[in-house]
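Colleague: I am new to this structure and would like to understand the terms used for it. Could you take me through them step by step?

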Amino acid sequence: MKYVDEYRDGKLAGQFADAIKRTVTKPWTVMEVCGGQTHAIVRFGLDELLPSSLNLIHGPGCPVCVTPLELIDQAVEIASLENVIFCSFGDMLRVPGSRRDLFSVKASGGDVRILYSPLDALAIASENPRKEVVFFAVGFETTAPAHAMAVKQAWERGIRNFSILVSHVLVPPAMEAILASPHNRVQGFLAAGHVCTVMGYTEYEPLARKYKVPIVVTGFEPSDILQGLFMCVKQLEEGRTEVENQYARSVKREGNRKARETVREVFQVIPRKWRGIGEIPKSGLGLREKYAVMDAAKRFNLTSYEAEESPDCISGLILQGLKKPDECPAFGKKCTPEHPLGATMVSSEGACAAYYRYRGSR
Amino acid sequence: MTKKEFSMQCPLPVRDYPRVLLAHGGGGKLMHQMIEKIFASSFQNEILKKRHDSAILSLPSSKIAMTTDSYVVRPLFFPGGDIGSMSVYGTVNDLAMAGARPKYLSAGFILEEGLEMETLWKVVQSMADAAKECGIELVTGDTKVVDKGKGDGIFINTTGIGVFEHSQAIEPQSIRTGDKIILNGDLGRHGIAVMIAREGLSLESQIESDSASLADLVMKLLDLKVEIHCLRDLTRGGLSSALNELAETRGVQIRVEEKSIPVREDVHGACEILGLDPLYVANEGRFLVFVKAGDADKVLKVIKSHPLGEAASVIGEVTKEKDPRVTLVNQVGTSRILDMLSGEQLPRIC
């Protein structure tokens, strides 16, 4: 398939892998930020092509994984209500809250629907004026423009039975939290290409300067990732700490101006709790005052949950890049995709799920 | 599809009963009328004509194959097929996978009150056409009507009986180390076609289900009289589930090459957009042949000369007899485990 196969070409991948081997003279630790990149690395076995002195660790860029347990509990509470049509992207349905997941709400009669776009939820709201239609607005900067657009259109068209349960997080503050941690091991980043397609990469420039790390905006196909890694280790070897753009076929320095404006109009930056990591200041998005009536958490007057994670789950350490999935004693034993202890095993983009699916528990 | 654009109208007087009523399952005159005019008139044969409680069958061999499957699909009509033809092909294919020639079929219908009679008629006509094409006779059946809201239009269960005309044991236990694995065509069309129709996704290209009877092709392969060890059709769970089931059942390792697995460009594109892996998507007209390495070329040649096998290829082989697993060598040249999915594939956030 055009625009895909050429980036999965074995010969090209081999050339980048060789270039990395020729460049690396000492051990380096690089984090790929996005869960989509983690999946590509494990799915295509890209780490097998790298020198053993180059250590890849998997970052917090899986929106499903970092959504706090409390929010899943809130989603479950809303979805269980009689008069509600609860809409969500597919992979949120299987994530266990502290007691149940959205699939089990659906099984016990709740109207829970899998959608591809929040604008479809808006259409459902206008067709069902007597129902409350709620969209579970999860994601990074990538999904924020579509959520903002749905809210804006609902407002303009006077669709009052539509609201969103917001759990939006932002990538640069999470990267800064990792860099500022005394346990940090990350020496270079592959930044998430899709996030930068929307937001551009000017936000990463002060991070690269302040923490003296190279950051390479990188795509998701095998040769993208290997080229991004090559650019990153080249900077490390040469002592440079710049922001470079490997994913130029999609990313511009200023991002997508129109999308950014829509996001800014509807959302404001707020502190957010990250599952497994804790609260990070200025790391999320919440609805602006003008649109606050469309905030499902307020509309349904939700209880604030205090949920406890399984003590056996180390997903927090995995999301911060301090541990790898196969270093967890529960991995593949107590914790499997059928019985996940934490979100990194549930989500298709979670690092634990990727290890389990492509490498097995053997 | 033009042959299935029905010019014939439903023979029940539509002005009287344009929709299925609970009474159509009540055992009285209405039910009798529906059975006679819709079902019996469509599936005419000597056995059915006797109107007995059971179909009485004379079979040429004492060893027979029997299989059953239930069909629930929404929407009932999708590009490339419908629930009617699927309920025949699916069961016929399961018989063919055992190396049996499909002979007889039963059908149980669960109809939802309010179903349009015209829709039922179209489904039944499609079943009758499919049965005729496969050379299988529908010899017994049943109809029930459930309250509105308790069904999804039509559910169909079919059970099939097939007979053996050879003495080969075509089953997972016959798989041997060194066997070549042949796939008869591109993957993922049925699952994606149904998903697009169900979700109302607007993609530019028209993807049609691959729903088809594999019986004719399988019978041609059996005529070759070569060492075919196992056949398996790829339905729910796709290629990946089928390979894993067989590796597990027979206790062998299987290696397949991703670049030799055909996936049509539009299906690949839809999968990339929806975040699905075509190796896990359902098919209704695809199957695997496990064949002794020396016979693989002959088998491949016959499959490729059949309309249902033009894109066939050897996708891998059975490598070892222990630690059952399926390994996929991907385009980059590295390999990974091809696992069975734990549940359904879920569309991803981003």
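Modeller: Let me begin with the word domain, whose bounds come here from an automatic or database domain assignment. Please keep in mind throughout that this is a predicted model.

Colleague: What makes two domains of chain B, and where do they lie?

Modeller: The domain assignment divides chain B into domain 1, which covers 14-163, and domain 2, which covers 172-337. Taken over C-alpha atoms, the centres of domain 1 of chain B and domain 2 of chain B are separated by 28 Å.

Colleague: How do you know that domain 1 of chain B and domain 2 of chain B are in contact?

Modeller: Two residues are in contact if their C-beta atoms, placed from the backbone, lie within 7 Å. By that test, 21 residues of domain 1 of chain B are in contact with 22 residues of domain 2 of chain B. On the side of domain 1 of chain B that touches domain 2 of chain B, two or more residues each come from helix H3 (83-97), strand S4 (101-112) and helix H4 (117-134) of chain B. The largest share of that side, nine residues, comes from H3(B), and by class the side has 11 nonpolar, six polar and four charged residues.

Colleague: How is chain A divided, and what links its domains?

Modeller: In chain A, domain 1 consists of 5-61 + 180-245 and domain 2 of 65-170 + 255-299. The centres of these two domains of chain A, taken over C-alpha atoms, are separated by 31 Å, and 10 residues of domain 1 of chain A are in contact with 12 residues of domain 2 of chain A. S2 and helix H9 (193-199) of chain A each supply at least two residues of the side of domain 1 that touches domain 2, and H9(A) gives the largest share of that side, six residues. By class, that side divides into five nonpolar, five polar and no charged residues.

Colleague: Why is one side of strand S2 and of strand S9 of chain A left without a neighbour in the sheet?

Modeller: The open sheet of chain A has five strands in the order S2-S1-S7-S8-S9, with parallel pairing. Strand S2 (54-61) and strand S9 (243-245) of chain A stand at the edges and have a single partner strand each, so one side of each has no neighbour in the sheet. Strand S8 (residues 215-218) of chain A pairs with S9(A) in the parallel sense over three bridges, and the bridge partner of A:Val217 in S9(A) is A:Asn245. Helix H11 (residues 222-238) of chain A packs on the sheet, touching strand S1 (28-34), S2, strand S7 (188-192), S8 and S9 of chain A.

Colleague: Why is H1(A) called roughly parallel to H11(A)?

Modeller: The axes of helix H1 (residues 10-23) of chain A and H11(A) come within 9 Å and cross at roughly 15°. Angles under 35 degrees count as roughly parallel, and H1(A) is therefore roughly parallel to H11(A). The crossing of H1(A) and H11(A) is left-handed. Residues that make the contact include A:Phe16 and A:Ile20 of H1(A), and A:Leu226 and A:Phe230 of H11(A).

Colleague: How many residues does each chain give to the contact of chain B with chain A?

Modeller: Chain B gives 21 residues and chain A gives 33 residues. H8(B) provides the largest share of the side of chain B that touches chain A, four residues.

Notes:
Residues are numbered from 1 along each chain as its sequence is written. Chains are lettered from A and ligands numbered from 1 in the order in which they are written. This is a predicted model: local features need pLDDT of at least 70, side-chain atom pairs count only at pLDDT 80 or more; totals for chains, interfaces and linings use all residues. Two strands pair if DSSP finds at least two bridges between them. Axes are lines fitted to C-alpha atoms, for helices over the stretch in contact, and angles run from 0 to 180 degrees between N-to-C directions. Ala, Val, Leu, Ile, Met, Phe, Trp, Tyr, Cys and Pro count as nonpolar, Asp, Glu, Lys and Arg as charged, and the others, Gly among them, as polar. Angles under 35 degrees count as roughly parallel, over 145 as roughly antiparallel, 65 to 115 as roughly perpendicular and the rest as oblique. A crossing is left-handed if the near helix is turned anticlockwise from the far one by less than a right angle, and right-handed if clockwise.
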